[in-house]
Each structure stands twice: as structure tokens, then as C-alpha cells.
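I opened this notebook to keep track of what I looked up, entry by entry, in a structure that was new to me. The entries follow the order in which I went through it.

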Amino acid sequence: MSVLVYIEQVDGKFKKSGFEAVSYAKAIATAQGTSLTAISIGNVEESELKELGKYGASKVLNVNTDQLNSFVNQAYASVIVEAANKEAADILVLSNSFSGRGLAPRIAVKLQAGLIDGAVELPQTDGGKFSVRKTAFSGKAFAVTELTSAKKVIALMPNAFGVKEVNEEVTIEAFAPEVKATDFSAIVKEIVRATDKVSLPDAEIVVSAGRGLKGPENWGMIEELAELLGAATACSKPVSDADWRPHSEHVGQTGISISPNLYIAVGISGAIQHLAGISSSKVIVVINKDPEAPFFKVADYGIVGDAFEVVPQLIEALKVHKG
């Protein structure tokens, strides 16, 4: 009996959300009085794999084959399940990232396990029960879900659990699972990433803007504000539909759901579809010249004012603060 955590890698590097998943899984393993094993799929250097010991993994299963260097949902799910069976893992943890949301249900079905996606807290085991608090209704509420199955799969929301260093002694073990041809019925031909920006799903701070900016030519101040804050940039659906910004920046119910520590909305009215994708943000700041904008009803802080006056002042204040 043990805990297994899957760590997503991008170009041979682990993401912050992966380290969060390791820290979360380590806390579960400690509470259960058992060990934590991590699994990495793809070409990752040994020095990077050993980093997982810093956050609590005592063993890392390293799957390094050319066939699995690119993410393939079906194949990765099969590999992770084989690793779970090898380690006799009764709890499997992964990040509720874009790929994690595709993997988690496949893994749960293959393991005949209960699934909790969007977990935001550690499991509670009072009275022999196993329950976890998770997001619900597109992030507009929380639910406490109890799992009664012998095996359990938990997908952790990014930024929901802090990274904690425990410096565990870690061993790296090569793992060569059997991969079936049927797992490659659909394959990824190419992945194109914006490497010069903060990753939106993993960002702790997000600066987002809407139609209130009037046109793509005015986005320079949003990008400057984001750069000063070390933030990712995002936008509302009408903005991406109008091709002012790429669709990869669209946050909302039909776009990317995010949960940053700070979300700054500039010139966005706050339609319910947009709120569904950002309501898990810990702090929401709204800048809008319309005092009746729906966004103010959910904001922690609000500024009623013209974005073209407020944002430049914020930029100058941040420059002064940074010296």
C-alpha cells in the first residue's frame, strides 16, 4: 500500500504545479504512514528527477522512451496505471492541469477507483471516512466529496497547496512499461508553446483585460503591468473572438479555468461565463469605469475609474516601488 504521484514535465522540466502535487501527495502519505513514489514520463535529466526528493518523493519511476516523449492521453494513462499496480498504490495524485483533466478520469476507470477532480484541501479521514474539499459548478462553489472505493484518484487544483521542502532521500528507478499499439490511436503531431511568457494555468498572478480596452493596440499597458508583477496575461471571450488576443489567453467557462493568488481584471464587465473560470482566484481586483459592472459584486478590491488613467498610474507606482 502506497501513494503514487504523476509529475507532468514540459521540455524536460517539471512545472510548479507538479511540485505542488508532490508536496500534497507527501502530506497524504505521511498521514497514511506509507511511502511516496513519483512517476515521470518523457526525457528528463537525472538532476531534475532528483529534485522530486526535495518535496517528498522517496522513489521516482523514470519512463524514458522516444515513443512517449510527446504527451498521448491514452498511452500515458496506461503507463501510470501500470505503475500504480506495480507499487500497489491505493491513492494516486496528479495536477488538475489541462492534461491532468484528461488523464484523471481515464486512470480512475482503469483502476476502478473513485475520482476527485479539482481538490483544494488535504483529505479528511475522521471516523474512517475519506473526504476531500473540491471546486464545484465551474469554480462557483465548493463541495466535500467522500470516496468509499478501495483505490482513489485525486487531481489537485494548481495554486491550491503550497510547495513544501522536506528533502527526502530519493532513488531513481528505470521503468519500462508495456505500451499497446491501441493506446496510440490518436497521437499529438506537434505542440507549440509560448516560451517567453508566464504559463497562464500555473501563474500566481494574472492580469486580464476585456473590451474596455477598445482595441488590440492598447494592450501594451496590460503587458507592461503584467511584466512588472511577474504575471501572466489573459483576456475575456469577446476579446479572443475578435482576434485582439490569442485564444490561448481566453479565461472563462469556455476557455481556461484558473486559480491564481491574484487576478486583476481591467475593463471586463464580469459576465457569469467569465466568472466561472476565475472564481477560484484567492484575491480579485477589478478596474472598471462602470460602477454597476457585475464584476464588482465578487471583487475583493475595486477601482471605479477609466483603465487608461488607472493602469498607467499603477505602472508608475510599481516602478517607483521597485526602485
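**Entry 1: a glycine in a loop.** I started with G267, which lies in the loop between β14 (262–266) and α7 (272–278); helices (H or I, at least four residues) and strands (E, at least two) are DSSP runs, numbered from the N terminus. I noted that this is a predicted model, in which local features need pLDDT of at least 70 and side-chain atom pairs count only at pLDDT 80 or more, while totals for chains, interfaces and linings use all residues. I also noted that residues are numbered from 1 along each chain as its sequence is written, and that side-chain values use heavy atoms, with hydrogens and water left out.

Is G267 buried or exposed? I found G267 buried, because its relative accessible area is 17%, and buried means under 20%, exposed over 50% and partly exposed in between (1.4 Å probe, protein chains only). Leaving aside neighbours within four places in sequence, I listed G210, R211, G212, I287 and N288 as the residues in contact with G267, where contact means heavy atoms within 4.5 Å. I also looked up D306, which is 39 residues from G267 in sequence and 8.4 Å from G267 in space, C-alpha to C-alpha.

**Entry 2: helix α8.** From D306 I moved on to the start of α8, where a side-chain oxygen of D306 reaches to within 2.9 Å of the backbone nitrogen of F308. Helix α8 spans residues 307–322, and its 16 residues reach 22 Å from the first C-alpha to the last, close to the 22 Å expected at 1.5 Å a residue; the expected span is 1.5 Å times one less than the number of residues.

Which residues of α8 are buried? I wrote down A307, V310, V311, I315 and L318. They lie on the same side of α8, because they cover an arc of only 135° around the axis, the arc being that of the directions from the helix axis to the C-beta atoms. The face turned away from that buried side carries the exposed residues E309, Q313 and V320. What covers the buried residues of α8 includes α5 (220–229), β14, β15 (283–288) and β16 (301–304). After α8 comes G323, whose phi is positive, near 80°.

**Entry 3: N73.** I then looked up N73, which is found in helix α3 (residues 73–86). Not counting residues up to four places away in sequence, N73 touches G102, L103 and R106. The side chains of N73 and R106 are joined by a polar contact of 3.4 Å, that is, a pair of N or O atoms within 3.5 Å, of which, within protein, one must be able to donate a hydrogen and the other to accept it, and residues adjacent in sequence count only if both atoms are side-chain atoms.

**Entry 4: aromatic rings.** How many aromatic pairs does the structure hold? I noted 6 aromatic pairs, and rings of Phe, Tyr and Trp (its six-membered ring) pair if their centres lie within 6.5 Å, with planes under 30 degrees apart counted as stacked, over 60 as edge-to-face and the rest as tilted. One of them is the edge-to-face pair of F14 and F19, at 6.3 Å centre to centre and 75° between the planes. F14 counts as buried because its relative accessible area is 8%, and F19 is buried at 12%. Ring pairs link F14, F19 and Y55 into a cluster.
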